[in-house]
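I opened the file to look up a few things and write them down.

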Amino acid sequence: MSTETDTILRMPLKALGLRSGMALQTRRLVEGTSKKEAQFFGAIEGKGVMVGPQSADATQTGMEEGEVCVVRGFTGQYEFSFLSKVLQTFEKPFAYALLAYPAQVDARRVRQSMRTKVSWPTTARPANAAADVSARLVDLVDISTDGAMVSTPDPLGAIGELVDLAMDVSVDGCPVHLQLRGKICHHNRPAGHEHFFAGLAFQGCSQNDKLVLNYLTQNTGN
């Protein structure tokens, strides 16, 4: 039986609530090309969408005028994609491409539960990493029964990679050591911020993990 999260929706781009600096992936529809990490700069409804390289030091977009590309991204609630034609490319004052504004985008709602702002000591390490790879401290920004967002001085990993999180929390006054595996769904450094933010979707949580997460989201917060 399909669920709401399995349903592909057709919706206006502006309904996604995209913000400048959000991470995207672009791929030219040319044989042999691979996807590129990019970011959203802005959009003018009915006119165009501005996207550019993830790196602020990049001098080229890797796109060519007249080409068609597929754009994918994650807003924190929706995974989305759309096809668009490259109208123009620019190098100054920074590298970006102007894409044709899509009439609608394909979107799938992947997060429905609320996120609770928290600040617990948390560590992260790549899933299935070698024994000599140590965990690193991260700042846990928020958490839900489905996922979490963390902040790090350096990139946590690539979109799609699995990360093991460990945190010490309190359930009804009792200390609990929680270990969770998450898949990186989006990863970016917003303009004006020194840290990177990674959104994780939990994978394979046990029933006990779900009960603890449910308690935390219902009984913690500002």
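What follows is my list of entries, one topic at a time.

**Ground rules.** I am working on a predicted model, where local features need pLDDT of at least 70, side-chain atom pairs count only at pLDDT 80 or more, and totals for chains, interfaces and linings use all residues. Residues are numbered from 1 along each chain as its sequence is written, and side-chain values use heavy atoms, with hydrogens and water left out.

I looked up the largest pocket and noted a volume of about 630 Å³. A pocket is an open set of points on a 1 Å grid over the protein atoms alone, where a 1.4 Å probe fits, with protein on both sides within 12 Å along at least five of seven lines; lining residues have an atom within 4 Å of a point. The volume is the space filled by probe spheres set on the points, which are joined across faces, edges and corners.

I found 32 residues in the lining, and the closest to the pocket centre are Phe 74, Glu 79, Arg 108, Val 110 and Cys 185. Strands that each supply at least two lining residues include β6 (78–90), β8 (105–109) and β14 (174–188). Strands here are DSSP runs (E, at least two residues), numbered from the N terminus. I sorted the lining by class and got 13 nonpolar, 10 polar and 9 charged residues. For this sorting, Ala, Val, Leu, Ile, Met, Phe, Trp, Tyr, Cys and Pro count as nonpolar, Asp, Glu, Lys and Arg as charged, and the others, Gly among them, as polar.

**Charged pairs.** I searched the whole structure and found 5 salt bridges. A salt bridge is a side-chain nitrogen of Lys or Arg within 4 Å of a carboxyl oxygen of Asp or Glu. Side chains of opposite charge can pair when their charged atoms come close.

I looked at Glu 79 and Arg 108 again: they form a salt bridge, with the closest N and O atoms 2.6 Å apart. Glu 79 is in strand β6 and Arg 108 in strand β8, 29 residues apart. Glu 79 counts as partly exposed because its relative accessibility is 31%. (Buried means under 20% relative accessible area, exposed over 50%, partly exposed in between, with a 1.4 Å probe and protein chains only.) Arg 108 is also partly exposed, at 25%.

Next came Arg 181 and Asp 164, a salt bridge with its closest N and O atoms 2.7 Å apart. Arg 181 lies in strand β14 and Asp 164 in strand β13, 17 residues apart.

I also noted a salt bridge between Glu 45 and Lys 14, at 3.5 Å from N to O. Both of these residues sit in loops, 31 residues apart. Glu 45 and Lys 14 are exposed.

**A buried tyrosine.** Is Tyr 96 buried or exposed? I read a relative accessible area of 13%, so Tyr 96 is buried. Tyr 96 is in strand β7. Its C-alpha atom is 9.5 Å from that of Ala 38, 58 residues apart along the chain.

**Backbone.** Most residues other than glycine have a negative phi. I found Asn 128 with a positive phi, near 60°, in the loop between β10 and β11. Asn 128 is exposed, at 67% relative accessible area. Asp 172 has a positive phi too, near 55°, and its place is in the loop between β13 and β14.

Terms used
Helices (H or I, at least four residues) and strands (E, at least two) are DSSP runs, numbered from the N terminus.
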